[in-house]
Amino acid sequence: MAKLTFYYNLLSQPSRALYIFFKKAEVPFEKKVVDLMKGEQFTAEFEAINPFKKVPVINANGFVLSESIAILRYICRTYKVADHWYPKDSVKQAQVDEYLEWQHTNTRANCALYCLHKVFWPVLYGKPLNERRVAELEKNMITILDLIENVWLKNKMFLCGNEISISDIIAICEIEQPRMAGFNPYANRPNLTSWKMRTVKYLSPYYEEANEILEMYVAKHNKTIGKLNSHI
Ligand SMILES: N[C@@H](CCC(=O)N[C@@H](CS)C(=O)NCC(=O)O)C(=O)O
């Protein structure tokens, strides 16, 4: 099996997804934490690994690959992992792909941007809060969460069928992130709530391990976020 080096930061949703997947699917990896807060992604050393200056990235015996979805598909094709993660059956695989393609411009685009605008930029980088943009992103995010509740999770245990797949890991990491901004994605969404419980139970204890830093971060910044919330 190729030696796998994993560059990541657990405050990053796609990094957490890969971390949980590697652990749960028993894909051994060497850890390389990239300190995004200190700007390590902008160093010449990291730029030589990923010219896009983002995490996650892997180096599998000299093959360097960025983009979480490409990485997940590559690992599922190359390593011995259980079939349910990314089924070989053409129809089942297409169903997993359907969510993975959809999420880029829906779940990821809206949940991640909401957190960037509401928490990361104003709290961490001191940029003025753009209330109009935050309100717009929150509205979009609600539409997306309702689609997940009513379409993706309609009559199914998991997003792409009755078995867990890489789509569920990617989704849960994105959907959890707005909690940092004081937004509860599960309120009045029973399908999403029971899916979360099922998914977390399946991914435990790696889910909690990967999310520990996020929870600490939420607690640490609670006061500042609380102040920001009162202005929106
Ligand atoms: N589409 C990419 C997204 C990568 C990405 O946006 N990474 C963020 C963290 S979630 C990052 O490294 N940001 C650092 C920066 O923009 O300076 C993937 O799924 O891997």
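Start by selecting I166, S167, D168, I169, I170, A171, I172, C173, E174, I175 and E176, the buried residues of α6. Buried here means under 20% relative accessible area, exposed over 50%, and partly exposed in between, using a 1.4 Å probe and protein chains only. Helices (H or I, at least four residues) and strands (E, at least two) are DSSP runs numbered from the N terminus.

Before moving on, a word on the model: it is predicted, so local features need pLDDT of at least 70 and side-chain atom pairs pLDDT 80 or more, while totals for chains, interfaces and linings use all residues. Numbering runs from 1 along each chain as its sequence is written, and side-chain values use heavy atoms, with hydrogens and water left out.

**Next stop: the ligand.** Show S12, Q13, P14, Q41, F42, K54, V55, P56, E67, S68 and R108, the residues around the ligand, each with a heavy atom within 4 Å of it. This shell divides into 4 nonpolar, 4 polar and 3 charged residues; Ala, Val, Leu, Ile, Met, Phe, Trp, Tyr, Cys and Pro count as nonpolar, Asp, Glu, Lys and Arg as charged, and the others, Gly among them, as polar.

Now pick out individual atoms. A ligand oxygen is 2.8 Å from a side-chain N or O atom of Q41, and a ligand nitrogen is 2.8 Å from a polar backbone atom of V55. Over at R108, a side-chain N or O atom is 3.0 Å from an oxygen atom of the ligand. Taken alone the ligand exposes 520 Å², and the protein buries 77% of that.

**Stay with V55.** A cis peptide bond joins V55 and P56, with omega about 5°. P56 lies in the loop between α2 (44-49) and β3 (57-60). K53 is found in the loop between α2 and β3 too, and K53 has a positive phi of about 60° although it is not a glycine. At 31% relative accessibility, K53 is partly exposed.

Another shell residue, E67, has a positive phi of about 75°. Look for E67 in the loop between β4 (63-66) and α3 (68-78); E67 is exposed, at 51% relative accessible area. Most residues other than glycine have a negative phi, and most peptide bonds are trans.

**Last stop: P205.** Select the loop between α7 (190-203) and α8 (206-220) to find P205. A cis peptide bond joins S204 and P205, with omega about 5°.

Conventions. A polar contact is a pair of N or O atoms within 3.5 Å; within protein, one must be able to donate a hydrogen and the other to accept it, and residues adjacent in sequence count only if both atoms are side-chain atoms. Accessible areas come from the Shrake-Rupley method with a 1.4 Å probe; for residues, only the protein chains shown count as cover.
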